[in-house]
Amino acid sequence: MSTRWGLFAFFLIFLFFPYGILLSKFSLALQLDVPELWWAFKNSTLQALMSSVGSFFAGLFLLLGFFQVQRASFYRLWMTRPLEVLLLLPNFLPPLFILLVLLSLVQPFPTGIPGVVLVHIMMNAGLVALLLKSLIENKLRPLVEAAYMEGSGQWRFFQASFGMLRRDLFAIFLFVFILCFCSFSVPLIAGGGKATTLEILIYEKIRISGAWGEALSLSFIQMLLILLLSSVPFQARKNLFSSQNPLPMLKSRVGMVLLFLYCFGLIFYFLSQSLKGWLQVFAVQGLWQAALELLPFSLMFGLSVGGLVAFLLLLTAWGAPDEKLHRLISGMVSPSTALMGFSLLFFISNESPWVEIKWALGFAYLIFSTLYRWGWDQKLSGLRDQIQVANLLGASRHLIFTDILLPQLLNPLAWIASVASLWALGDFALGKIVMGRDASLSLLIETLMSSYRLPAAHALMGLLLVMGCLCFLFFWGIAYVSRRALAEKI
């Protein structure tokens with residue numbers, strides 16, 4: 001019991017330390033500029049609403065295209081998982097990747113809310129498609145087959161079945177809405193100064209006006225809004241991958257074209273631009289040398305964030321099952337990225353190596369609760385019965401952790417740590433605040449994008465993705481060695 005309370009206290013302090021730092025130095029502003037707040041709130045809501053609607057309809061066409069591919073003569077069952085991974089790829093890649101591709105592909109790029117919405121749709125449409133696929137396969141498969149036998153059309157079927165799915169559909173919509181509402185890096189680049197969301201307003205209050213109290217108050221307002229939305233008792237499905245047989249009737253040739261463009265078009269365009277971009281990298285004096293100097297730190301930064309997230313997740317597994325800890329982490333909403341970044345400026349020294357450590361700690365903090373909710377909590381819940389049986393048999397917490405939990409958690413842990421490393425490698429929003437210089441490859445790429453040297457940015461982004469693969473191999477190598485060691489011990 002004392003161990004669980006200790007873990008609960010640790011995560012309580014960890015999750016609220018940015019607010020503690022700022023509240024110890026600044027007081028909340030009780031009077032805010034209401035028209036300015038309303039303007040930022042309206043922009044945040046509008047772009048999140050448009051992004052969610054656009055992602056939903058784009059995801060529906062991608063889903064129908066997926067079903068069309070499953071009915072094609074060239075389709076084989078083994079193609080299902082790679083295709084699902086490709087659909088998820090834009091959501092798992094750093095936002096910097098999608099921003100870079102769309103900024104160079106769409107000319108002129110529509111800065112402001114339209115640009116932010118376009119980027120969000122490209123990032124989330126594949127995720128929505130897989131959520132809808134899981135929903136239909138699990139809840140409507142018998143009805144789809146029966147409707148097909150009766151000769152019903154697919155759009156008529158969707159109209160008739162909407163009432164059965166409206167709670168689940170609203171859960172998916174709300175999930176994407178919250179993701180877009182909290183976005184900071186996308187409006188920062190794609191907004192072009194024309195889309196002042198709550199996140200951007202907090203950033204401007206601190207960086208331009210120095211109004212820390214107002215920024216802190218705005219962050220609390222945003223956190224309360226997200227907590228209110230998160231408290232709605234709906235939950236999007238998490239079992240994204242499946243190997244079900246294709247469903248009859250549901251298909252779309254237009255959707256299949258969009259599916260191939262979504263899964264392969266952006267990748268091929270990026271690769272072609274990256275190959276051309278190397279000429280510019282070597283043509284700009286000192287650019288290649290600067291990139292080489294940033295490679296070691298960028299790789300270590302990615303590995304450090306992945307390791308920190310893995311350590312925190314293992315701590316939650318050590319205390320499992322703990323409902324209080326689960327509610328704390330899953331219900332916690334990370335503060336504004338801008339607020340988090342500026343709070344780190346008051347945390348320990350701003351000299352090397354402390355500033356780099358602060359950056360890694362801050363970014364791990366921002367993504368920890370998100371990655372916890374993206375499958376880790378579900379995995380721990382699935383092991384609850386095994387833990388209870390082991391407790392009844394008198395097994396110690398150490399034995400439960402090493403012999404029962406760890407062997408089953410190593411694979412998801414390696415996957416989550418790899419994703420955390422990739423996101424860290426592509427971070428520029430938090431690093432831009434904390435570092436104030438091009439200290440990593442992602443910050444150098446952001447600088448190249450700002451100066452419209454997009455081909456060179458494409459080339460260096462390819463280098464960044466290669467480092468992401470190295471981080472993936474590192475964590476999966478550790479998981480493999482650990483599994484072998486645990487197997488020999490048993």
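How many aromatic pairs does the count come to? I started my notebook with that one, and the count comes to 32 aromatic pairs. A reminder to myself: this is a predicted model.

**Entry: rings**

**Entry: cavities**

I get two cavities of 30 Å³ or more. The largest cavity holds about 70 Å³. Its lining is made of Leu86, Leu89, Pro90, Leu93, Phe97, Ile98, Tyr262, Cys263, Leu266 and Ile267. Helix H3 (80-92), helix H4 (95-105) and helix H11 (253-283) each give two or more residues to that lining, and H11 has the largest share with four. By class I count ten nonpolar residues there, with no polar and no charged ones.

The second largest cavity comes to about 30 Å³. I find Leu32, Asp33, Glu36, Leu37, Leu201, Lys205, Glu214 and Leu218 around it. The elements giving two or more residues here are helix H2 (34-70), helix H9 (198-209) and helix H10 (212-230). What is the split by class for this lining? I get four nonpolar, no polar and four charged residues.

**Entry: second largest pocket**

I moved on to open space. The second largest pocket has about 380 Å³. Of its 14 lining residues, I noted Leu103, Thr111, Ile189, Met449 and Tyr452 as the closest to the centre. H8 and helix H19 (441-450) are the elements that supply two or more lining residues, and H19 gives the most, three. The lining divides into eight nonpolar, four polar and two charged residues.

**Entry: core**

Which residues have the most contacts inside the largest nonpolar core? They are Val305, Leu441 and Met449, in a core of 171 residues. Met449 had already turned up in my pocket entry, among the residues closest to the centre of the second largest pocket. For Leu441 I listed the contacts, skipping residues up to four places away in sequence: Ala291, Leu294, Leu295, Ser298, Leu460, Leu463, Leu464 and Met467. As background, nonpolar side chains tend to be buried together in soluble globular proteins.

**Entry: two single residues**

Is Ser185 buried or exposed? Its relative accessibility is 14%, and the cut-off for buried is under 20%, so Ser185 counts as buried. I place Ser185 in helix H8 (residues 185-190). Leaving out neighbours within four places in sequence, Ser185 is in contact with Pro95, Leu99, Phe428 and Ala429.

Ala290 was my other pick, and this residue lies in helix H12 (residues 287-318). With a relative accessible area of 26%, Ala290 is partly exposed.

Technical notes:
Residues numbered from 1 in each chain as written. Predicted model: local features only at pLDDT ≥ 70, side-chain atom pairs only at ≥ 80, totals over all residues. Heavy atoms only, no water. 1 Å grid on protein atoms, 1.4 Å probe; cavity = no way out; pocket = protein on both sides within 12 Å on 5 of 7 lines; lining within 4 Å. Points joined across faces, edges and corners; volume = space filled by probe spheres on them. Nonpolar A, V, L, I, M, F, W, Y, C, P; charged D, E, K, R; others polar. Core = buried A, V, L, I, M, F, W, Y, C linked by side-chain atoms within 4.5 Å. Buried < 20%, exposed > 50% of the residue type's maximum accessible area, 1.4 Å probe, protein only. Contact = heavy atoms within 4.5 Å. Phe/Tyr/Trp six-rings, centres within 6.5 Å; stacked < 30°, edge-to-face > 60°.
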